[in-house]
Structure formats: structure tokens, C-alpha cells
Amino acid sequence: MTDAIPERPRRRRSWAEPYKIKVVEPLKMTTRAEREQAIAEAGYNTFLLRSEDVYIDLLTDSGTSAMSDRQWAGMMVGDEAYAGSKNFYSLEEAIQKYYGYRYILPTHQGRGAENILSKILIKPGDYIPGNMYFTTTRLHQELAGGTFVDVIIDEAHDPRSQHPFKGNVDLQKLTDLIKRVGAERIPYISVAGTVNMAGGQPISMANLRAVYELAKSHDIRIILDATRAVENAYFIQQREADYHQQSIAIILKEFCSYTDGCTMSGKKDALVNIGGWLALNDPDIYEEARNMIVIYEGLHTYGGMAGRDMEAMAIGIEESVQDDHIRARIGQVEYLGQKLLDWNIPIVVPIGGHAIYLDAKAFLPHIPQDQFPAQLLAAELYREAGIRAMERGIVSAGRNKDTGDHYYPELELVRLTIPRRVYTQAHMDLTAEAVDEVYYNRHRLRGLKMVYEPKYLRFFQARFELL
Ligand SMILES: *Cc1c(COP(=O)(O)O)cnc(C)c1O
């Protein structure tokens, strides 16, 4: 007779990586004195640091992914023919298979696709509704003569709202816009998943389906910013009841099926350092785009990409839709975010797909916004541990053209963006510990004053001094 085995409580399932490390890139270790000098020389602006002086680089997840051995092997089979490279056909096949669009045009990166699409579809005086703007996307819409209209739900603007799909479109706002300007003035609805500027927040399948039905009833197209659509698919799988049992690949394909085309930055989800594409289902628009791409990007079978890079991207797409990959990718972001939440450090919730956003207003309440608390916090994280983050607050927001005053944005944030497959759990631990150390000493910090201010996109090159 066997003893009954007592039931063991189910342990937490780890997000551990579905890969092991084969090549390493040694990092320079710096002393605090060296870092103090480096950040002072950089005018307390993390954009002006040399990457060599950075230990953990969380500036962006754009083009900073680690490629797999299969991708590197793909680089060796680059077919650098000017026309009809075999790597183009690998890429086309991967996009058709996993995203489901009919016609594919490679571009040098996401903004290349945005430029072509905006030029073709937008006429002066048009309106383009979208679930929050993205910098390059909106700029191309405006350069083509259009006006972007934000139709995201109100919860997206509240760093403390726990709404599971803060990227959702507000159907009432969209309906109101269609009534106000007329469907014929709306060339397409611009939908992003996940929404970068809202903190990597997802849009639900149910919401996109409803947007699609509304759009179809008015004969309006939907164009997806597919940059982080795979990460969006993960949140649908985790949070939307009908999708718990579905694979990421199946969810992604259904998601894209509610749109008429996409622009894509391969530098994010697709696990490569450069590249992008434009995808379309309508043969007439495709024909126009294929013609325009030779003016701005390159022939339609390379569009500004080397053959080897198209091959690496084709392989990256396939790797990116594996459930194990995406669980580990977002699991790592959640691991860092949860640690900070456990230590009562103010961050934007829910934790998004690609980054943790520190709430600098809550972190440094004694520093007024015009003394640049998020800028200071980013500089301080570098001084503390060599971690490079990015300001997303008053410096990024710029000045009002008419009055010359700063814009005072509601959200004063520092973004810790996690590159894909690059850093280890120990790096995340160290990051959390550094944030905690700065938080513990926060009362000692004084603000900054701006001593050099460039005219455009000042956050890239502005310089500061300690007060
Ligand atoms: C990065 C990004 C883009 C632009 O892509 P690039 O490859 O940098 O030109 C567009 N939309 C979103 C949401 C992005 O994050």
C-alpha cells in the first residue's frame, strides 16, 4: 500500500528565458566619481552620454534586441541582389503567415512606412483619429496635411487607473468625430497596439472588433501601428476571457484581420536592429505604395534594407510569436515592475509591455515641475548605478509656440525601457535596487536649471546644471 502523497501548493511559475547565452558583450564598469563626471559633462542629459559609459542601457527598446544564432545564420545567407532578393520572399512569407496581410513592402524602418502611407491616403484637411499619438506617426500625418484626433479612453491619461486595456478606443469619441467632420474626411483610423505613449498599454480584441464594425459601417479603413502588436497579443491572451487558451500566433492574426494594413517598426517586436515594413490588403493602394517606395526607400523588394537584414527580420518575426518568448519578454518587464511596487515606489500601473515608468511627480514631490524632476531622476539613476533611462515629462513636452511657456504635462515620467533578450534577472535586480536607493535618498535631491535649449525636440540635446 502506498502512502497518499500530500498535495503540494502550486509554486509560482517562473518567466525564465527560453534560451541560453552563447556570446557576451563585456561592459565597462565605472566608479561613482567617473559617472559623476560623465553625467556633468553630458549636461545631466542621458541622451548625451556615451554608450560606453553606460552599464545598463534602458534608454529604449528600439533596435536594441539581441538576435538569435538562427538570425545571425540568416545574415550569412543574405542575397544582396538589387532586385528580387530571395530574402525579400522569406520576409513576405513570414509577414503573410503571421500577420495575415496580402501585400508587403519593406522600408528602412517604421517611419519610412508612415511617410509613404500618409502621402498616399491623407489629403489636406483630413482627420486621423487614433488611440493616442506617437511622435513620428503624428508628424507624418500632419506633414501630409492631416489633423490627428486622440480618441483613446480617458483612463489612458491616468497613471493610477487599473483598467486592463488602457489602449482602448473610446467608441463615443470616434462616433462624435465621424458625425462632426464626416466619414469622407477620415481616410483611416490609426490604431496602435500596444500604446507606447500611454505606457505600453494594450487594446482589447473586443474593442478593436467594435472599432472595425463601426469603421466598416462608415466605409473607413483601419491602419494598425503593428510595432508592438505581438506584445499586445500577450495581454489579450492573459486578460481577455475568450483567449486564455489561444496561442499568440492565432491571436495576432485575428487582431490584424480587423485592420486593412499596417506600418511596422521591425526594431521592436521583430527582434532586429533595423528595418520595417508597410503591409496592405487593397491592391490599388498597394500599387500606389509600391510605386512611391522607389522614390523614398528603394526598389519594392528591398525598400532600404539589406538582404541579410530582411532574412534576420523574417526569422525574428517567427521567433517573436512563440508563446515562450513573449511570456519571458513581458515576464521580465513585470518582474522589475512588481519589485518596485512591492517596495512602494511610484510607477505607472498596470505594468505595460516594454517599459516601467517611474512617476517623478510622486517620487520627488518637493521639486517643482519647472525644475525638471524627471530629468533629474534619470540623471540620478545614472550617477547611482550607471543605468540610463529617458525623461518623458516637461522637457520632452517642449514649449507652447504662441506664449513661449513650457507645456506642463500631467505625466512627469522616467521610462526604464527593457531591450529584448539582452539583460539578465540580476540586471533587473540591480536596477530595482538602484531605484530604491535613489528613492531612499530622494529628500536630498535638488532640482535642475536648463542652461542650453535647442529649438526643436529639445529633450535630445538640452543641457542642465544642478541648482
Ligand atoms: C518606434 C515606433 C515607431 C517608429 O518606428 P521607427 O522604426 O523608429 O521609425 C512608430 N510607432 C511606434 C509605436 C513606435 O514605438
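Predicted model: local features only at pLDDT ≥ 70, side-chain atom pairs only at ≥ 80, totals over all residues.
Start at Y258: with a relative accessibility of 12%, this tyrosine counts as buried. The cut-off for that word is under 20% relative accessible area.

Y258 has a partner, Y212. Y212 is partly exposed, at a relative accessible area of 24%. Twelve aromatic pairs are counted in this model. In the pair of Y212 and Y258, the ring centres are 5.6 Å apart and the planes meet at 50°, so the pair is tilted. Where do Y212 and Y258 lie? Y212 is in helix α7, residues 205-217. Y258 is in the loop between α9 (248-257) and β7 (261-265). The two are 46 residues apart in sequence, so their pairing ties together separate parts of the chain.

Now compare a second pair. F363 and Y439 have ring centres 4.8 Å apart, with 70° between the planes, and this pair is edge-to-face. F363 sits in helix α13 (residues 360-363), and Y439 sits in helix α16 (residues 425-440). This pair, too, links distant parts of the chain, 76 residues apart. F363 and Y439 are both buried.

Aromatic rings also gather in a group. F47, F459 and F460 make up one aromatic cluster. F459 has a further neighbour: the charged end of R392 sits over its ring, 5.0 Å from the centre.

Next, look at the nonpolar cores. The largest has 61 residues. Which residues have the most contacts inside it? They are Y99, L224, W277 and I317. Helix α8 (residues 229-239) gives this core its largest share, six residues. Take L224 and look around it. Setting aside neighbours within four places in sequence, its contacts include Y101, V191, G193, F255 and T263. A229, C256, T259, G261 and C262 are also among them. Another core, of 53 residues, lies apart from the largest one. Its members include Y335, A360, A379 and V438.

Step back to the whole chain. The domain assignment gives two domains. Domain 1 is made of two stretches, 32-61 and 323-466. Domain 2 covers 69-320. How far apart are the C-alpha centres of domain 1 and domain 2? They lie 28 Å apart. The contact between the domains takes 23 residues from domain 1 and 29 residues from domain 2. About 2,200 Å² is buried between them, and carbon and sulfur atoms give 51% of that area. On the domain 1 side, three residues stand out. I326, P350 and R420 supply 23% of the area that domain 1 buries against domain 2, more than any other three residues.

The peptide bond from V349 to P350 is cis, with omega near -10°. P350 lies in the loop between α12 (323-342) and β9 (355-359). T194 lies in the loop between β5 (188-192) and α7.

Y44 shows how the chain comes back on itself. The C-alpha atoms of Y44 and F464 are separated by 5.5 Å, yet the two residues are 420 apart along the chain. Y44 lies in the loop between α1 (32-41) and β1 (56-57). At 10% relative accessibility, Y44 counts as buried. What does Y44 touch, not counting residues up to four places away in sequence? The list includes I39, Q375, A379 and R383. L448, F464, E465 and L466 are also on it.

Finish with the backbone at two loop residues. Phi of M132 is near 75°, a positive value in a residue other than glycine. M132 lies in the loop between β3 (127-130) and α5 (135-143). D219 also has a positive phi, about 60°, although it is not a glycine. Its loop runs between α7 and β6 (221-225). Is each of them buried or exposed? M132 is buried, with a relative accessible area of 11%. D219 counts as exposed, at 74% relative accessibility.

Methods. Residues numbered from 1 in each chain as written. Heavy atoms only, no water. Phe/Tyr/Trp six-rings, centres within 6.5 Å; stacked < 30°, edge-to-face > 60°. Helix = DSSP H or I, 4+ residues; strand = E, 2+ residues; numbered from the N terminus. Buried < 20%, exposed > 50% of the residue type's maximum accessible area, 1.4 Å probe, protein only. Lys NZ or Arg CZ within 6 Å of the ring centre and 35° of its normal. Core = buried A, V, L, I, M, F, W, Y, C linked by side-chain atoms within 4.5 Å. Contact = heavy atoms within 4.5 Å. Domains from an automatic or database assignment. Buried area = accessible area lost by both parts, 1.4 Å probe.
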